[in-house]
Amino acid sequence: ADTVALDPWGSSTVDDYRKLFEEFGIESFDDVLPRVPTPHYLMRRGVIFGHRNYRSVADAMTNGDPFAVLSGFMPTGDPHIGHKLVFDELIWHQERGGDAYGLIADLEAHAARGLSWDEIDEHTESYLLSLIALGFDPEEGELYRQSTNRDVQDLAFELGTKANFSELGAIYDFDGETEVSYMQSVVTQMADILYPQLDEPKPTVIPVGPDQDPHMRLARDLAGRMRYFKVTEAYASFELDDQERALVTRAYEALAADVDDPETDVRCTDAAAWLDAERPDSASLESTIETLESGGKEPLRPRVRFLDRNATDDAFEALIEAVEGEKRVYEGHVDSFDLDREAAEELARQVELDHGGYGFLPPSSIYHRFMSGLTGGKMSSSIPASHISLLDDPEDGYDKVKSATTGGRETAEEQRELGGEADECPVYELYAYLLSGDDDEFATRVYEECVGGERLCGGCKEQAAELMAEFLEAHQEKREEAKDVLDGIDIELDS
Ligand code: SF4
């Protein structure tokens with residue numbers, strides 16, 4: 001089959017990452033890498049291979065603007081070295097100034113995986129200890145459980161008004177037998193993803209595996225719908241006639257679609273340069289929208305221009321900010337629609353009261369490769385020998401590495417002659433994803449020695465096994481220390 005099935009609750013493996021670029025519009029991380037200040041080693045080594053609009057996050061990082069990072073963990077078992085990738089991504093963004101959120105997807109674990117609350121509580125604590133032990137700062141960031149976060153639940157309910165059964169059914173393959181709680185899980189997860197922007201819109205990145213992409217696409221869609229709702233409601237209140245309202249509505253839809261379009265690297269702010277440009281009349285407005293809607297690749301600028309054909313420069317800028325998800329849309333209308341400021345503020349207040357005043361930016365995502373199982377195939381929580389738990393006794397970790405499958409040849413002689421297949425080797429992955437840490441030189445040396453035939457699997461595994469045991473021992477000591485930290489933060493560990 002040519003298609004790649006992405007199922008967030010299934011066990012899909014993604015054997016050809018390039019297909020994700022073609023079929024789903026995930027962009028290659030290589031394109032954005034030069035924009036990332038001091039990229040993480042997982043980025044440098046291609047473990048993080050794809051993204052959706054990570055540019056906005058990279059730019060915020062470069063410019064010292066606010067941005068956020070959020071990741072959720074389903075507490076279905078012990079955290080293992082595959083989860084460590086995500087912990088590391090979260091922590092790295094926090095260290096670079098991002099507002100960091102780590103959430104425990106306990107409602108989802110209960111609803112979609114049928115775990116009991118006792119099991120969930122036990123694993124929740126364990127995840128949090130590892131996250132803190134690896135460097136997450138809970139004083140600076142926020143840790144929460146879905147089940148006790150009222151804001152997330154309220155937001156989930158609001159988001160539920162913007163999605164319907166057929167749509168979720170199509171994305172997640174729901175049918176008439178699907179429990180309602182699955183749908184509740186979906187909107188809750190959407191709320192998690194948008195939660196960092198509840199107070200203020202900001203670029204937000206969600207580090208995930210590619211199997212989670214359906215969630216990202218839906219979240220990006222819903223973010224646009226919530227924003228569009230707010231803006232068009234505001235417009236509706238300004239007594240536009242039906243025709244004008246329809247035009248504005250369609251223009252916003254086209255705009256929202258464009259902001260989401262990974263092929264367009266034109267930011268709304270670029271439109272500011274067009275302040276003095278000629279403003280089109282309704283007829284050309286109509287035809288521009290038609291071009292956009294029919295999938296034309298016209299740049300964003302004319303679109304923004306026509307939205308405020310009556311506006312002053314200030315109003316124009318305010319409008320652009322609104323389009324970018326800021327909440328200042330109403331001020332822009334002061335001039336555009338001849339309202340006095342007081343009336344506009346009153347209107348803004350009412351709209352906010354009525355509708356919550358969301359102004360979400362479509363969330364960004366980065367995608368990491370799945371680690372291979374040590375026994376070959378996919379790393380799986382349910383096959384102990386395939387993964388190394390962060391709670392494994394260092395001795396056991398050592399033994400698991402020693403018995404791992406390799407990309408080695410049949411005989412030492414052949415290996416010296418042909419070199420090993422590091423690209424197919426779970427042990428090499430351990431070096432690249434974890435054991436080399438930030439030391440690119442070391443990772444490269446292992447690779448080159450392997451493919452050059454200088455490195456033989458026995459010694460290579462011995463070295464990896466020792467490093468793994470050291471890592472586990474150090475990590476588990478830090479988990480002990482993290483207990484005090486966890487005691488001091490406000491999160492319920494018993495449900
Ligand atoms: Fe894997 Fe090391 Fe053997 Fe190369 S030498 S195939 S990296 S175990």
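What share of the 495 residues in the chain is buried? Buried residues make up 45%; a residue is buried if 20 or more other C-beta atoms, placed from the backbone, lie within 10 Å of its own. This is a predicted model: local features need pLDDT of at least 70, side-chain atom pairs count only at pLDDT 80 or more, and totals for chains, interfaces and linings use all residues. Residues are numbered from 1 along each chain as its sequence is written.

**View 1. The secondary structure of the chain**.
The chain has 22 helices and seven strands. Helices (H or I, at least four residues) and strands (E, at least two) are DSSP runs, numbered from the N terminus.

**View 2. Helix α8 packs with helix α10**.
α8 covers residues 150-160 and α10 covers residues 180-194. Their axes lie 8 Å apart, at an angle of about 115°. Axes are lines fitted to C-alpha atoms over the stretch in contact, and angles run from 0 to 180 degrees between N-to-C directions. So α8 is roughly perpendicular to α10 (65 to 115 degrees).

**View 3. The contact of α8 with α10**.
α8 brings V152, L155, A156, L159 and G160. α10 brings V187, T188, M190, A191, D192 and L194. Residues are in contact if their C-beta atoms, placed from the backbone, lie within 7 Å.

**View 4. The shell around the ligand**.
Of the 14 residues around the ligand, G420, C425, C450, C457 and C460 come nearest. A residue counts as near if its C-beta atom, placed from the backbone, lies within 6 Å. α20 (426-435) and α22 (457-487) each give two or more residues to the shell. α22 gives the most, with three residues.

Key. Parallel < 35°, antiparallel > 145°, perpendicular 65-115°, else oblique. Contact = placed C-beta atoms within 7 Å. Buried ≥ 20, exposed ≤ 12 C-beta atoms within 10 Å, placed from the backbone.
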